[in-house]
Amino acid sequence: MTKLKPWLPLIGIGVFAILLLVVAPAVLSMHWINNLGKYCCWAIAAVGIGLAWGRGGMLVLGQGVFFGLGAYAMAMHLTMETSGPDSLPVFMILYDPSASLPAFWEPFRSDVFTLLAIVLLPVIVASILGYALFKRRIKGAYFAILSQALAVALAVLISSTIRETGGDTGLSDFRYFFGFVLDDDANKVMVFMIAAALLIVCLLAVWQLNRSRFGELLIATRDAEERVRFLGYDPANIKLVAYVVAALMASIAGAMFVPIVGIITPAEIGASASILMIAGVALGGRASLFGPALGAMAIGWGQSSLGSSWPSGWIYILGLVFILVTLFLPMGLSSLLGKAKSAVWRSREAPTAPAAASAPLLDEVQK
Amino acid sequence: MTVAEGSLVVTDLRVEFDGFVAVGGVSFDAHPGEVRFLIGPNGAGKTTCIDAITGLSKGSGSVTLGDQELLGKSTQKIVRLGVGRTFQTASVFEQLSVLQNLDIAAGLHRSSLSLLRARRGVDPAIEVALEETGLSDVRETPAGILSHGQKQWLEIGMMLVQEPRALLLDEPVAGMSQDERTATGELLQRIAQRRIVLVVEHDMDFMRRYASRVTVLHQGKVLSEGAVAQVQADPKVQEVYLGTGGAATTAAMLVVADPTIEATDAVPQGKGD
C-alpha cells in the first residue's frame, strides 16, 4: 500500500484517460460528446488555475484573458480558413464591403503561426504581466482585482472593435479545422479526442510539478513568501512559473473551445466567464490534482443541463452550492475524500484498540 | 584589531524608519570559531541590526562578509553569498514535513532545472543536519506539529544545509526549557567551530554560558564590547541595566552561577521591563 501510494494519482489519471478517450466516444451520443468536449476545455483552464491558485496562492480571477487569447487566435485562423485564401471574413464585408483585411489578421492564415501564437502569446503576456506584478510584490486582493480588470478590459476591447474582431457577436460559422470538415461527425469526435488528450497531458504536467521540488517550493511560497527569500530564492520567480503555466493552459483551453463550440464571443472571456472558471476550481478543491478538473466539468454540466432547462433557478442553485461549499468544505469537495478516509481509519481502529479510543475524541475536539 | 579571513564586519551601520533612528552607527565584527552575542534591553536595535545585514531593512554604512559588501543587495542574494538566519518566532513551512523543509532549504546549490524533478533519496548534508539537530526520528512529521524547541532546531537545520559562512540567530532559546537551552547552546558551539555564529539574545544565563564575545547595544549604539566578564564589569553596562530595567536584570547579569535561581526568578523579572 505504501509502495503504491505515490503512484495513485497516476493510476487515477490513467482511469480518467480511458473513460474520456475510450469509453466516452463509444457510449455517448454526438450531442454529449460535444458537450463533454466543452467541459474538457474548461477543465484544462481549471487545472492551470488549481496550480496557480490552489498551490501558488495567486487568486487568478481573470483567466479569461488567456482563454481569450487562445480562443481568438484559433477563431481568427478558422475564420480565414472558412472564408478561403483571397477573400475577407464574411462579417467584415457585412460591415463594410470595401474593407481590407486588418494587418494583425494576416499571419493567422498560417497553421504554424496560429499554433505558435496559441502557445507563445499567453506565455509572453503572462511573463511580462507576472514579472511586473510579482517583482513589485503585488498580491492578495490587489492581484485578484487587477487580473479581473484585465479580463473585463479585453472583453470590452473586443466588443468595441466590431469591424476588426466581430464585436459582441463574436466569431462563428467555422467550417474547417486545419483542413478537416467540422460538420463531419468523425472529425467532431477527433476534435473532442484532442481536447480530452490535452486535458490528460495538463493533468500529467501538474502532477509532475506538484511532486517536484518546484511544487514544494510553490507551497512554501504560498504559505510564507518572505521566508522563501531566506532559502535563497526570489519568490517572484517561483510564482511567475506557476502563473505562466496556468496562462498557457487557459490559452490551450480557449483554442480547443472554438472548434468544439463553434463560436467565441467576448461574453466567454469576460468577468463572469472568468469567475465561472474559478468557481469550478473552488467547488472541486483547488489544492488537489483532480478537484479543479472535475469541479469545472461539474459546473459545465450543470450549466448546460440545468442552465438551459431552468435558467432562472440554475444561478441560485449555483450560488447556494458555493455558500455551502465555502462554509462547510473550504478546500472543496475533494477534501471529503480525506475526511472519509480518516473516518474509515477510525472505525477500523476502534474495536481492536479500545485504549486508543480517546485519540479520535481528541481529534474531534481539535477540529 | 586585525580582521580575519571571511569575517563578518559591520561598520557604522545606521537604520532609520521615517526619521526615527533605530540603529545609529553600530560597528562590530564576528569571526569564524566564536559564538558572538548581541545583547541589550528591548528596543536597543539588535533585531534591526540583523534585519539590515540580511537585507530586510534598508541600512547605510557597510556590512562585509569576507570581501563582499552585503548592504544594498536583495535578501535572496545575501543568502546565496552565505548568510543564513533564523527568526524570533520559528517560521518553518508547517504544511511540509521536516525532511521537505530541509530539502527545500538545501536547494540553494542546485540548478533550477533540477527543481522540476521529484526528490529521490536524501542528501548526505540533510542526513548530517538531521543528526546534528536531533530530528532524525521526526523526519516525516509535518513541521506544523513539532514542539516549539524542535521548530527552532529545524530552523537551525535548514540554515545548516545551506552551508552558510555566517549564521545569524534571533533569540533561538526564547520559550525553551532548560534542557533544550543546553542542547541548543552545545549545538551552537559545535556549529561555530567552522563558521561565524551571531546570536541575538535576551537570556543572560544562556549568554553567559555560551558566549565567546559580547556586544551590548543600547538605544541603537554600541555600549560595550568584549568577553563576558569584561562586559559584566563595565560600569556603563551596569548603569544602563540599573537605569532602565531595574536591578533584577543586572543582578541576573552579575550573578555568575546558579541557573536555578535564574530560571525561576531573575529572567521573568528581567523580561518584564
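Three bridges join strand β6 of chain B to strand β7(B) (residues 166–170), and the two run parallel. Strands here are DSSP runs (E) of at least two residues and helices are runs (H or I) of at least four, numbered from the N terminus; two strands pair if DSSP finds at least two bridges between them. In β7(B), L167(B) is the bridge partner of G84(B).

This is a predicted model, in which local features need pLDDT of at least 70 and side-chain atom pairs count only at pLDDT 80 or more, whereas totals for chains, interfaces and linings use all residues. Residues are numbered from 1 along each chain as its sequence is written, and chains are lettered from A and ligands numbered from 1 in the order in which they are written.

The pair belongs to an open, mixed sheet of six strands in chain B, ordered β6-β7-β8-β3-β9-β10. Strands β6 (83–85) and β10 (221–226) of chain B each have a single partner strand and stand at the edges, so one side of each lacks a neighbour in the sheet. From one strand to the next, the twist averages 20°. Helix α1(B) (residues 46–53) packs on this sheet, and its direction makes about 145° with that of β7(B). Such angles run from 0 to 180 degrees between N-to-C directions, with axes fitted to C-alpha atoms, for helices over the stretch in contact. The strands of chain B that α1(B) touches include the following.

| Strand | Residues |
|---|---|
| β3(B) | 35–39 |
| β8(B) | 196–200 |
| β9(B) | 213–218 |

In chain A, helix α8(A) (residues 185–211) has 27 residues and reaches 39 Å from its first C-alpha to its last, close to the expected 39 Å; the expected span is 1.5 Å times one less than the number of residues. Its buried residues include L199(A) and C202(A), where buried denotes 20 or more other C-beta atoms within 10 Å of the residue's own, C-beta atoms being placed from the backbone. I44(A) is in contact with L199(A) and C202(A), among others, contact being C-beta atoms, placed from the backbone, within 7 Å.

I44(A) is also among the residues with the most contacts inside the largest nonpolar core, which has 174 residues. Such a core is a set of buried Ala, Val, Leu, Ile, Met, Phe, Trp, Tyr and Cys residues joined through C-beta atoms within 7 Å.

The contact between the chains takes 17 residues from chain A and 21 residues from chain B. Helix α9(A) gives the largest share of the chain A side, seven residues.

Conventions:
Buried ≥ 20, exposed ≤ 12 C-beta atoms within 10 Å, placed from the backbone. Contact = placed C-beta atoms within 7 Å. Lists of a residue's contacts leave out its neighbours within four places in sequence.
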